[in-house]
Amino acid sequence: LRAGGAGGRRGRRRRDEVGRPAGVRRPSPQNGWVEIYDGVKFETRFDDRRAPDAPAAHALLGWCRAFLEQGFTTADEASGNLSCRLDEGVLITPTHVSFEALGVEDLVQVLELEPTPGPVHVRGTREPSSEVRMHAAIYAACPDVQAVFHGHAGKIVRRAAEGAFPCTAEVRPYGTDALAEDAAALALDEPFFVLRDHGFVAVGRTMEEAGARAVAAWKQVAR
């Protein structure tokens, strides 16, 4: 898996469920302020249209369900993205599919990321998460990391602003090179951190380790 930055073709702009222009932030009753999804910022090349046959798929799906049960996301939101390293590339959740509706057949194997503005090469039936370049940048920078879990829990983001968690210095738009670079730099030293005004990232040598770090942070802010 060769990691590049984000960029290239943008998805079509849309309006959210109450008619606000996409590309801005809106309040979420569960998770505070969230950035509205505005489409992926890259071209997806489907090298293989078959769903990936990866033994890790069921475990990754299980953690997506856990995120839903823990309250990191809600049934009607496509909030957050989870991935794990494979022998060939990375297995990642697709873009804009709620964790409640997600099945193992929806997961995407990322085979190669060409440098910006080049395409993302995948095996699967769906486009990969809009944050795929951030995941790839972390894996490239941290060879021991085997799982990257990203969520948009507003309580954690707000507590990071108060100094409770390590946090990136700048606010970056989702899916950009700048966000990926900031995340990879912080992941070198911090297994759990927050992307300013965006969401959290938990990394681990296993999915269980990454998930446990996310759950521990959630319990910390719930106290």
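**View 1. His96, in the loop between strand S5 (90–92) and S6.** In this predicted model, His96 isn't a glycine, yet its phi is positive, at about 55°. Most residues other than glycine have a negative phi. As for solvent, His96 counts as partly exposed because its relative accessibility is 45%.

**View 2. Asp197, in the loop between S9 and strand S10 (199–204).** Here's another non-glycine residue with a positive phi, this one near 55°. The relative accessible area of Asp197 comes to 43%, so the residue is partly exposed.

**View 3. The cis peptide bond between Thr116 and Pro117.** Have a look at the peptide bond joining these two: omega is about 5°. Most peptide bonds are trans. Pro117 sits in the loop that runs between strand S6 (108–113) and strand S7 (120–123).

**View 4. Lys41, in the loop between strand S2 (32–35) and strand S3 (44–48).** Is this lysine, Lys41, buried or exposed? Lys41 counts as buried, because its relative accessibility is 10% and the cut-off for buried is under 20%. Its side chain has a polar atom 2.6 Å from the backbone oxygen of Tyr174.

**View 5. Helix H4 (residues 177–187) and its buried residues.** Five names to pick out here: Leu179, Ala180, Ala183, Ala184 and Ala187 are buried. They sit on the same side of H4, because the arc they cover around the axis is only 125°. What do the buried residues of H4 pack against? Their partners are helix H2 (132–141) and strand S9 (192–195).

**View 6. Residues 4–33, where pLDDT stays under 50.** Over this stretch the model still has 88 contacts beyond four places in sequence. For the protein as a whole, the mean pLDDT is 84, and 81% of the residues reach 70 or more.

View 7. Take the contacts with a separation of 6 or more: 66% of them are between residues 24 or more positions apart. The protein exposes about 9,900 Å², with carbon and sulfur atoms supplying 48% of that area.

How values were computed: Residues numbered from 1 in each chain as written. Predicted model: local features only at pLDDT ≥ 70, side-chain atom pairs only at ≥ 80, totals over all residues. Heavy atoms only, no water. Contact = heavy atoms within 4.5 Å. Areas by Shrake-Rupley, 256 points an atom, 1.4 Å probe, with all protein chains shown as cover. pLDDT = per-residue confidence, 0-100. Helix = DSSP H or I, 4+ residues; strand = E, 2+ residues; numbered from the N terminus. Buried < 20%, exposed > 50% of the residue type's maximum accessible area, 1.4 Å probe, protein only. Polar contact = N/O pair within 3.5 Å; in protein donor to acceptor, adjacent residues only side chain to side chain. Arc of directions from axis to C-beta.
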